[in-house]
Amino acid sequence: MRKQDVGFDYHRYHRLLTEADDDDKRMALIDLLIEEKARDRLAAQRASDRAAMTAYTIATVLNAGRN
């Protein structure tokens with residue numbers, strides 16, 4: 001069985017799905033899922049960028065100390 005994502009609120013999405021009894025509510029749920037996934041990807045990208053900049057800064061400082 002597949003593990004659930006830590007950020008995936010299964011119970012919340014299940015409740016929203018059961019409440020989506022017409023096309024407008026289903027489309028709103030789809031939009032919400034897309035929006036939240038995009039936000040998660042953006043946050044991951046920002047964290048990756050911060051880590052890369054930190055590594056670059058540390059390497060620069062260490063190289064400057066050797067000269």
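Q: Which residues does Leu29 touch, not counting residues up to four places away in sequence?
A: Contact just means heavy atoms within 4.5 Å. Leave out residues up to four places away in sequence, and Leu29 touches Leu16 and Leu17. Take Leu17: its C-alpha is 7.2 Å from that of Leu29, although the two residues are 12 apart in sequence.

Q: What should I know about the model before I go on?
A: It's a predicted model, where local features need pLDDT of at least 70 and side-chain atom pairs count only at pLDDT 80 or more, while totals for chains, interfaces and linings use all residues. Residues are numbered from 1 along each chain as its sequence is written, and side-chain values use heavy atoms, with hydrogens and water left out.

Q: How many helices and strands does the protein have?
A: Helices (H or I, at least four residues) and strands (E, at least two) are DSSP runs, numbered from the N terminus. This protein has two helices and zero strands.

Q: What span does α2 reach from its first C-alpha to its last?
A: The expected span of a helix is 1.5 Å times one less than its number of residues. With 44 residues, α2 reaches 65 Å, close to the expected 64 Å.

Q: Is Leu29 buried or exposed?
A: Buried means under 20% relative accessible area, exposed over 50%, and partly exposed in between (1.4 Å probe, protein chains only). Leu29 has 10% relative accessibility, so it counts as buried. Across the protein, buried residues make up 6% of the 67 residues.

Q: How many salt bridges are there?
A: A salt bridge is a side-chain nitrogen of Lys or Arg within 4 Å of a carboxyl oxygen of Asp or Glu. By that rule you get six. One of them joins Asp21 to Lys25, with the closest N and O atoms 3.4 Å apart. Asp21 is exposed at 57% relative accessibility, whereas Lys25 is partly exposed at 42%.

Q: Which residues are linked in a network of salt bridges?
A: That would be Arg12, Glu35, Glu36 and Arg39. Arg39 pairs with Glu35, the closest N and O atoms being 3.9 Å apart, and also with Glu36, at 3.7 Å.

Q: Why are Arg39 and Glu35 separated by about one helical turn?
A: Because they are four residues apart in helix α2. Glu36 and Arg39 are three residues apart in α2, so they too are separated by about one helical turn. Now check the cover: Arg39 is partly exposed at 46%, and Glu35 is partly exposed at 48%. Glu36, though, is buried at 10%. Not counting residues up to four places away in sequence, Glu36 touches Arg12 and Tyr13.

Q: Which residues form a nonpolar patch on the surface?
A: Patches are made of residues with over 30% relative accessible area and no salt bridge: like charges are joined within 9 Å, nonpolar side chains (Val, Leu, Ile, Met, Phe, Trp, Tyr) within 5 Å. Here Met27, Ile30 and Ile34 form one, with about 290 Å² of accessible area together. Met27 itself is partly exposed, at 46%. Such areas come from the Shrake-Rupley method with a 1.4 Å probe, and for residues only the protein chains shown count as cover. The protein's accessible surface comes to about 6300 Å², and 58% of that belongs to carbon and sulfur atoms.
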